[in-house]
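Subject: Model for your files, with notes on helix packing

Hello,

Here is the structure I said I would pass on. My notes on it follow below.

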Amino acid sequence: MDFREFLHDHIVILDGGMGTLLQERGLQPGEAPERWNLSHPDDIIAIQKAYFDNGSNVVNTNTFGANLLHFDEDELTQIIKAAVANAKAAREQSNADHEKFVALDIGPTGRLLKPMGDLDFEEAVAVFAKTVQIGVSCGVDLIMIETMNDSYETKAALLAAKENSNLPVLVSNAYSENGKLMTGASPAAMVAMLEGMGADAIGVNCSFGPDKLAPIVREYLRYASVPVLLKPNAGLPHSECGCTVYDITPEDFSSITAGLVGEGVRVAGGCCGTTPDYIKALCEHISVTVPVAEQKQDTMISSYTHAVSFSDDPVLIGERINPTGKKRLKEALRNHELDYILGEGLKQQSAGAQVLDVNVGLPEIDEPAVLTKVVYELQAIIDLPLQIDTSDPIAMEKALRIYNGKPLINSVNGKQESMDAIFPLMKKYGGVAVALTLDENGIPETAEGRVAIAKKIIDTAATYGIDKKDLIFDTLAMAVSADKNAAKVTLESLRVIRRELGVHTSLGVSNISFGLPQRDIVNASFFALALVNGLSAAIMNPFSAEMMKTFYAYRVLKGLDDNCSDYIEFADSVQNNITIGQKTAKSADDELTLSSAIIKGLKDQAAKLCTEALQTTEPLTVVSEHIIPALDKVGQDYEKGRVYLPGLLMSAEAAKYAFEEIKKRMTGGGKNKCTVVIATVKGDIHDIGKNIVKLLLENYGFDVVDLGKDVAPELIVEETVRLHAPLVGLSALMTTTVPAMEETIKQLRESAPWAKVVVGGAVMTEEYANSIGADQYAKDAMDTVRYADKINQEMS
Amino acid sequence: MIRTEIFEAPAWYRREIMRYARIRGADDSFDSLISECIAEAEASLSYRVCYSVLSVEYKDDSLYLGGIRAPYDTIKKAIRSANEVVLFAATVGAPFDRLIQKYSLLAPSKALIMQAIGAERVESLCDAFCEKMDTDLSKDGKCLTPRVSPGYGDIPLAMQKDVFAVLDCPRKIGLTLDSSLMMSPTKSVTAVAGIVDGCREAEQHKCASCEKTGCAYRTERK
């Protein structure tokens, strides 16, 4: 029987632990269990046969760590071939008369993915792909991805399984005591992402006994439409007379696990510490025979930590990462100023945005590359789900691929071409799409016309296997200044689509007021009307006071805000602060000057005083007479030991805020010194030192090109040559990465002989720097600034 | 057998945070910044340790800890002829690295304090773990020697590979080792300490035996 058919109609019994049983048979600590497939096949077969004999429908191959990071390709191939042969032999030898399947077991790589670790996402996909290809060629029945404790790695493994086979895939994660994955994802976030990508069953294994996993598996049962899996440990291990003993007996284990099967779990087995006895007892305790499939209707998106559900409680989607009409953002995108873009994201988050729209569409940029980079960097530090906003299908696919979660997709519409481009991507990568009610004939002028397009989109999505719960309809807010009935049609279509078609809705609210003065007044009222008509999500400016007032007031009035607590907190911020979401100075100090604000490290005051100074003084004069002297003073005090490093940094940050004001008033941002390329070298993921250097160099007017951390020598050379940069700054923290620094210098000497190289970092000394051929060792950031100034003077 | 322990937050040690942030003397001008960072860090921190007790063998002129060949004087000296050692790995978790990363881009002054907090937290976690082990051992009239780690003295970083092979750190506590032998999450420690008869010696401060008396990070902490 095909495993998918079996899964559809039966409770599936998995196997139990392998590692603990191998240790009993002599596996040593630190020894690779996968090699036992070749060296001790009889032991492996005996254990697997016992599982089949005692009731397992599925037995995993002994390939938990079988991947290219642990074995070379030849050995890997031999191991997997032997492992599949062993499991098949066990199946042959077992006389049990139930259905028996062999699953290719895939565990985590043991490495953490970038940007937190050093393993590239695509490299991880390739590593898993090789294991899948070999396993599939040996003829397994299904794939079991298990014990994954990071959402991003789980995505890489599932993608590899899907791209290299048509077999059913079960995906199981290992949770921590706080109910989250080690890297932070909640069960709901994992359900959203894995179901979206087409896993056949999802769930939980390892970590604890079934008692402690119960609350986590119940979260799965609450959100998942696909079958839910549970494979717990036999409790926690302890030592008795020199032996490892687990604290939950087969009897207790099976009664708790069978109870959870009664609650809806459809795939069950055991993990560490469980034995064939546990599986036998489990089979005896399970009384459910026919599983009940329940289709959930939640519309969910997710980030690497949490899921956001669409409901009657409106979701705010921050629209500010979109260059249309934003001069400063355009400049930031062109100059790869990711810190500015990340800052915009964080400000929207603190202003109340629950999702961030990301649009980087500018005619002169490489949109696929820039969109991917921005999504990657945003998801490294901001835990909000993202709405990927592009009309370029290539950019869309690349961004969906590297997104760590289930994103919002902006957008699809009723044109055949659009649906043909977007739906296959949604099917492969998961996602909820914003569907615009327009098609080849444009935007219908009537509500009936827009609803008809919505129906067409729902029907077409269904042919791709996409449920309507994964579509959110945008009935298109159009300028009332151009058509007095524009708002009425939009609202009526919204109402019908939400109430009659039973799907969620969103609007780019502010389009309604295009061409009118004081747009926020109209926007806020339109927003209120749309909410009443069933608006589920608004793409809007979270810094708009009028819009946020409407949002909080609506939630209070609709009974969505318990004890009015969100509203009260918001009301306090309105009273204290006219500009929402942006902190202003706590106490204005009349005596404060721009220089003293910088020296004291007061960011907001520095920005305010700089703005005031610019009303009467030329930008360059403000820089040379106020900002630079203040920075010099702090720099000198730091070198004399009168100011500590945090103080130096706070002043530098205050100066940066002042420079942002200067930038708004002059093109080129006041940079008047040479280009400096900086990077943390390949293999090194520590970058605080490099970032400090960057901040100070920028303050002193250098044009800093920051290539980031873990940067290959080739890329550093390429950028240095492209920009003809006279100075390169390299950072390394560990002795193990200094060879990469040396290699980078060597390559620079060959291809960019004009460039001077300054090096620094925890392990560096002057001697060490000389020995690897650097031009200069800098003991700290100020030292680097001084050297850069020297190079700059020599040039001019 | 590998065991996993999850700890409550150990007591905070602000002077250590200041030391790691290179704030010397009695300067109190960063108190509010440090308090702000601590408050923000707390939600991102977790305290996990995995460990295994290994037997010690002296053969072929070398020291063996379980199956790990460890011909290093620093370990030999530290474990004082113990017959058993405890090998452990401790981490404050991946979410905290994201917090450092966030401020590394947006406010390096806060990133610096966060780095210092992470260093103080993981050291305090190691102390908490060793104290607990010591208390358990004292029932049998035994105690723990001071701990040493790969990278200390003559112990090469390459020993991390052996430590990770024995402790199964990725699965037990979510700690990984990359191709440059760096640990992720970054605020993590692996170490070994001997199990010997008797009580813990009158404690000296941690850096007492180090010759580099001019080091910026030298501590007086016990």
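How are α13(A) and α14(A) oriented to each other? Bear in mind that the model is predicted. Helix α13 (residues 338-351) of chain A packs against helix α14 (residues 367-381) of chain A at about 55 degrees, and their axes are 10 Å apart. Angles of 65 to 115 degrees would count as roughly perpendicular and those under 35 degrees as roughly parallel; α13(A) and α14(A) are therefore oblique to each other. Their crossing is right-handed.

On the α13(A) side, the contact is made by L338(A), I341(A), L342(A) and G345(A). Facing them from α14(A) are V374(A), E377(A), L378(A) and I381(A). Six residues of this contact are nonpolar, one is polar and one is charged.

The second pair is helix α17 (residues 447-463) of chain A and helix α18 (residues 486-499) of chain A. Here the axes come within 8 Å and cross at roughly 40 degrees, so α17(A) and α18(A) are oblique to each other. The crossing of α17(A) with α18(A) is right-handed.

Which residues of α17(A) and α18(A) meet? From α17(A) they are A447(A), R450(A), V451(A) and A454(A); from α18(A) they are V489(A), E492(A), S493(A), V496(A) and I497(A). By type, the contact of α17(A) with α18(A) has six nonpolar residues, one polar and two charged.

Regards

How values were computed. Residues numbered from 1 in each chain as written. Chains lettered and ligands numbered in written order. Predicted model: local features only at pLDDT ≥ 70, side-chain atom pairs only at ≥ 80, totals over all residues. Axes fitted to C-alpha atoms, helices over the stretch in contact; angles between N-to-C directions. Helix = DSSP H or I, 4+ residues; strand = E, 2+ residues; numbered from the N terminus. Parallel < 35°, antiparallel > 145°, perpendicular 65-115°, else oblique. Left-handed = near helix turned anticlockwise from the far one by under 90°. Contact = placed C-beta atoms within 7 Å. Nonpolar A, V, L, I, M, F, W, Y, C, P; charged D, E, K, R; others polar.
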